[in-house]
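Visitor: I am new here and would like a tour. Could you show me the structure and then take my questions?

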Amino acid sequence: MIADAILSTAHFAAVFLLIGALGAEFAALRAPLTAEGIKRLGMIDRFYGIAAILVIVAGVARIFWGLKGEGYYWGLHTFWTKIGLFVLVGIISAWPTMRFIAWSRAAKASESFRPPPEEVKGVRRLLMIQGVLILAIVVNAALMTRGIG
C-alpha cells in the first residue's frame, strides 16, 4: 500500500510540475521577448518536456505496480480518453517548442531579434489549448479513479 501511495504522489507531483511549467511559459510570453527571455523560454520548455516524461513514467508505474493493477485501467473509456488527450497535448506542444528553438537561433544570430507578435499570439493560444486539455485530463482522471467510464 505504501508503494501505491509513493507512486501516486510521484504522478501527482509530475503533473503539478507540468502544469507549473506550462503556466510559466504562458507568463513568459506576456512580456516583450528579448534574447534573454527567449533563452528562459527554452529552459522552461525543456523543463516542461522533462515533466511530461515524468508524468508518463509515474503513470505507467502506477498501472503496473499500483494497487489497482493494469486490468482495472484497460477497460475504462476514461483511461483511454485521458491517454488520448495527453497524446494530443504532446502533439500540440511540438509547435511552441519548434518556435522557441527557431526564436533562440534567431536571437543568437542577432541580439535585436524579436519574435513576430502574431507568432507569439499563436503560441500563447496553443498553450491555452493545452491548459484546457490538461483540465479535461484531470476530469477524466477523477472519473477513472472512481471506476466511471
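Predicted model: local features only at pLDDT ≥ 70, side-chain atom pairs only at ≥ 80, totals over all residues.

Visitor: Is Glu119 buried, partly exposed or exposed?

Guide: The relative accessible area of Glu119 is 26%.

Visitor: Which pattern does the protein chain follow along the sequence?

Guide: Helices (H or I, at least four residues) and strands (E, at least two) are DSSP runs, numbered from the N terminus. The protein chain has five helices and zero strands. Read along the sequence, that gives the pattern α-α-α-α-α.

Visitor: What box do the C-alpha atoms of the protein chain fill?

Guide: The box is taken along the principal axes. Its dimensions are roughly 55 × 25 × 20 Å.

Visitor: What percentage of the contacts with a separation of 6 or more comes from residues 24 or more positions apart?

Guide: Contact means heavy atoms within 4.5 Å. Among contacts in the protein chain with a separation of 6 or more, the share from residues 24 or more positions apart is 79%.

Visitor: How many salt bridges does a search of the whole structure find?

Guide: A salt bridge is a side-chain nitrogen of Lys or Arg within 4 Å of a carboxyl oxygen of Asp or Glu. The side chains of Glu119 and Arg99 meet in this way, at 3.0 Å from N to O. They link distant parts of the chain, with Glu119 in helix H5 (residues 117-145) and Arg99 in helix H4, 20 residues apart. For the whole structure, the search finds one.

Visitor: Is Arg99 buried or exposed?

Guide: Arg99 has 16% relative accessibility. Buried means under 20%, so Arg99 counts as buried.

Visitor: Which side chain of opposite charge is nearest to Asp4?

Guide: Lys and Arg count as positive and Asp and Glu as negative, while His and the chain ends are not counted. Asp4 is in helix H1 (residues 2-28), and it touches Gly66 and Leu67, not counting residues up to four places away in sequence. Asp4 is buried yet has no salt bridge. At 4.9 Å away, the nearest side chain of opposite charge is Arg62.

Visitor: Which elements give two or more residues to the positive patch?

Guide: Patches are made of residues with over 30% relative accessible area and no salt bridge: like charges are joined within 9 Å, and nonpolar side chains (Val, Leu, Ile, Met, Phe, Trp, Tyr) within 5 Å. The place of a charge is taken as NZ of Lys, CZ of Arg, CG of Asp or CD of Glu. On the surface, Lys39, Arg46, Arg105 and Lys108 gather in a patch of positive charge. The elements that give two or more residues to it are helix H2 (35-65) and helix H4 (77-109).

Visitor: Which element gives the largest share of the nonpolar patch?

Guide: Accessible areas come from the Shrake-Rupley method with a 1.4 Å probe, and for residues only the protein chains shown count as cover. The nonpolar patch on the surface has about 990 Å² of accessible area together, and its members include Trp65, Trp74 and Trp80. H2 and H4 each supply at least two of its residues. The largest share, five residues, comes from H4.

Visitor: Is Trp65 buried or exposed?

Guide: Trp65 lies in helix H2. With a relative accessible area of 63%, Trp65 is exposed.

Visitor: And Phe100, is that residue buried or exposed?

Guide: Phe100 is in helix H4. Leaving aside neighbours within four places in sequence, Phe100 is in contact with Glu25, Leu29, Ile38, Leu41, Asp45 and Val123. Its relative accessible area is 3%, so Phe100 is buried.

Visitor: How far apart in space are Gly71 and Val15?

Guide: Gly71 lies in helix H3 (residues 70-74). Gly71 and Val15 are 56 residues apart in sequence. From C-alpha to C-alpha, their separation in space is 23 Å.

Note on methods. Residues numbered from 1 in each chain as written. Heavy atoms only, no water. Buried < 20%, exposed > 50% of the residue type's maximum accessible area, 1.4 Å probe, protein only.
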